[in-house]
Amino acid sequence: LYTFLASKVAQGADALCQQIFAEVRDGDEPADGVRVRLFQLARRSLLAHLRERHGDFDPGQQALARLDQGVSEVMAVSDEQRQLTHALRVLPLDDQVMLELHYWEGLSSAEIGVVLGEPVEQRLADARHRLEVELRARHERADHTVDAGGTEGG
């Protein structure tokens, strides 16, 4: 949960985690399981946090990269993982969330739908396509930089 939040907020992931765990502790037994409930609360808390700091934030349309805030790369241990993290950040936040929950957290489309509050099967496929396009563009830019300057860039 911390990694999920720290990859999206420059500061405050600790406080958001504490708030989320307190809500789970004090709440009823979640019908969809504790993990799904944790990520549901994490997304809700994240949106509240972003809207408090950046005004009217639309997670279906706006990307974290546009907020111009430094964010931890806690998941990235290689250059390839850093490139993936940066590519995810230029996608709308909900795309980023869906892809991370599916690939890194192993949630099903139905579980991700509970987290987002709507069906996501087609949206997940669309998000996957947008990520592939972004990664391909980054790779082409890096290749162009190497070809033009003789040094690796990107």
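A nonpolar core is a set of buried Ala, Val, Leu, Ile, Met, Phe, Trp, Tyr and Cys residues joined through side-chain atoms within 4.5 Å.

**Entry 1: the core.** I am working from a predicted model. I looked up its largest nonpolar core and found 35 residues in it. Leu-5, Leu-93 and Leu-101 have the most contacts inside this core. I then asked which elements give two or more residues to the core. They are H1, helix H2 (13-26), H3, H4, helix H5 (93-103), H6 and helix H7 (121-149). H3 gives the largest share, eight residues.

**Entry 2: confidence.** The mean pLDDT of the protein is 86, and 87% of the residues reach 70 or more. Helix H6 (residues 109-116) has the highest confidence, at 96. The lowest is in helix H4 (residues 79-89), where the mean is 84.

**Entry 3: the aromatic pair.** I searched for aromatic pairs and noted one in the structure. How are the rings of Phe-4 and Phe-39 arranged? Their centres are 5.2 Å apart and their planes stand at 75°. Planes over 60 degrees apart count as edge-to-face, so I recorded the pair as edge-to-face. Next I looked up where the two residues lie. Phe-4 belongs to helix H1 (residues 2-6) and Phe-39 to helix H3 (residues 34-54), so the pair ties together parts that are 35 residues apart in sequence.

**Entry 4: Leu-101.** I went back to Leu-101, one of the residues with the most contacts inside the core. I listed what Leu-101 touches, leaving out residues up to four places away in sequence. Both Phe-4 and Phe-39 are on the list, along with Gly-106, Leu-107, Ile-112 and Val-115.

**Entry 5: Gln-122.** Last, I picked a residue in helix H7, Gln-122. Its relative accessible area is 54%. Exposed means over 50%, so I wrote Gln-122 down as exposed. What does the side chain of Gln-122 make a polar contact with? The partner is the side chain of Asp-126, at 2.8 Å. I also looked up Ser-109, which is 13 residues from Gln-122 along the chain. The C-alpha atoms of Gln-122 and Ser-109 are separated by 9.5 Å.

Key
Residues are numbered from 1 along each chain as its sequence is written. This is a predicted model: local features need pLDDT of at least 70, side-chain atom pairs count only at pLDDT 80 or more; totals for chains, interfaces and linings use all residues. Side-chain values use heavy atoms; hydrogens and water are left out. Rings of Phe, Tyr and Trp (its six-membered ring) pair if their centres lie within 6.5 Å; planes under 30 degrees apart count as stacked, over 60 as edge-to-face and the rest as tilted. Helices (H or I, at least four residues) and strands (E, at least two) are DSSP runs, numbered from the N terminus. pLDDT is the predictor's confidence in each residue, from 0 to 100. Buried means under 20% relative accessible area, exposed over 50%, partly exposed in between (1.4 Å probe, protein chains only). Contact means heavy atoms within 4.5 Å. A polar contact is a pair of N or O atoms within 3.5 Å; within protein, one must be able to donate a hydrogen and the other to accept it, and residues adjacent in sequence count only if both atoms are side-chain atoms.
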